[in-house]
Amino acid sequence: FLKLIQEVHKRGMKVVIDGVFNHSGTRFFAFEDIVKNQKKSRYADWFDVTSWADPSVPGSKFEYKSWWNTQTLPEFKEGEHSFAKPVWDYFFNITRRWMDPNGDGNPSDGIDGWRLDVPNEVAHVFWKGWRTLVKSINPNAYIVGELWGDASPWLQGDEFDAVMNYRFARASVRFFIDTNRLQYSPKQFDEELADIRKSYPADVNYVVQNLLDSHDTDRLLSMIVNPNRKYDDNNGLRNNPDYDISKPPEGAHATMKLMVLFQMTYVGAPMVYYGDEAGMWGADDPDERKPMVWPDLAYDNETTHPIPGHTRSNDVVAFDSTIFEFYRKVIEIRKENEALRWGSFQTVPVAGSQNMYAFQRESAGNSVLVVLNNSDSTETVTLPLNTKATFRDVMNGNEQFVTNDGTLMLTLVGKSGRVLVKIIE
């Protein structure tokens, strides 16, 4: 792993690892010792054991609290001041190990950040002390927590730098995917986004992980063909036999591209779940965790795996180069325009449509206007920009547009977007 870190750093990339400080696996050395030695184990105070197996007590058995009652993920015991000192010390020691492996005070040979699993189930006092340690080793280390709701208590500058922004994902699904009464209007979508931004300090909004799906949800393409559900609910065959797991049609790809375009141009740090860029689809666990689809491999599309009560076809699995190239293009646009990375954000009113959403991002020397058509049909709209300027559409062949009396008229085909970069002379 240390060799991997070295090779990744050579390529100008960073490594963020998963920190799980709420529970372990049953094969964790400390837990195995408890199972073997019970109360006599030196680690007896590490886990939340509710009953010990005592040979002198007939019928006694070993029981413990586990994460979500899985019995495979025993929870570390927390008291009034969080973990017992040996557990606290152990977590601090592994933090030092992976952030500065040789202990020379130079963190360049270590990891660059942490993604924290279920951090809401660990006491705040631990995270405050742990952050101090992390930043003392590497002030630039990135700390992001897996928090699905309002994460403001963890984002006050003394715990995490960012969170996985599931609130962003939920709002995006309501606007781009859901239909009828469940669908957000552009106004509702804008209000929800503003509410999320207002929840966190201004600088935090630029580093939150804006995701659309993850290892804990169904994949984006499958979300699109299974609309009108609560986010991450009824999204697998275990709880919804009607969930469509077949290969999404081309129409779903258009919606996906529109969502990705928004993700790459909005405020925050886009997070792409592996395989989305390759066109992978799938329901919730374990379907969304299939092996990566690569362009240089061929896949067996002949074998079926029957699921009771569900009919499926032999869908062809292959790397989707069209989706991949789209991701490359919008990522490149983000990299080329600093306004999309750390510029200001302002909603732009749209006249003549109930389906368009537009916003402007600006920084010193760079101004970008993003217009998204969330309808299925072609629409022409007018944007009151109150300025005379020339824009080039970097999404569509650098086509140029000039404002007329401070307004800009645009035509967009269904499920498409324009990214207009202001030409500064």
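User: Is lysine 3 buried or exposed?
Analyst: This is a predicted model, where local features need pLDDT of at least 70, side-chain atom pairs count only at pLDDT 80 or more, and totals for chains, interfaces and linings use all residues. Residues are numbered from 1 along each chain as its sequence is written, and side-chain values use heavy atoms, leaving out hydrogens and water. Buried means under 20% relative accessible area, exposed over 50%, and partly exposed in between (1.4 Å probe, protein chains only). Lysine 3 has a relative accessible area of 51%, so call it exposed.

User: Which helix holds both glutamate 7 and lysine 3?
Analyst: Their side chains meet in a salt bridge (Lys or Arg side-chain nitrogen within 4 Å of an Asp or Glu carboxyl oxygen), at 3.3 Å from N to O. Helices are DSSP runs of H or I, at least four residues, and strands are E runs of at least two, numbered from the N terminus. The two residues sit four apart, about one turn, in residues 2-10, which is helix α1.

User: What is the relative accessible area of arginine 115?
Analyst: Arginine 115 pairs with aspartate 18 in a salt bridge, with the closest N and O atoms 2.8 Å apart. That links strand β6 to strand β1, 97 residues apart. Aspartate 18 is partly exposed at 44%, whereas arginine 115 counts as buried, at 11%.

User: How many residues apart in sequence are the parts tied together by aspartate 45 and lysine 77?
Analyst: Their side chains form a salt bridge at 4.0 Å, N to O. Aspartate 45 is in the loop between α2 and β2 and lysine 77 in the loop between β3 and β4, so the separation is 32 residues.
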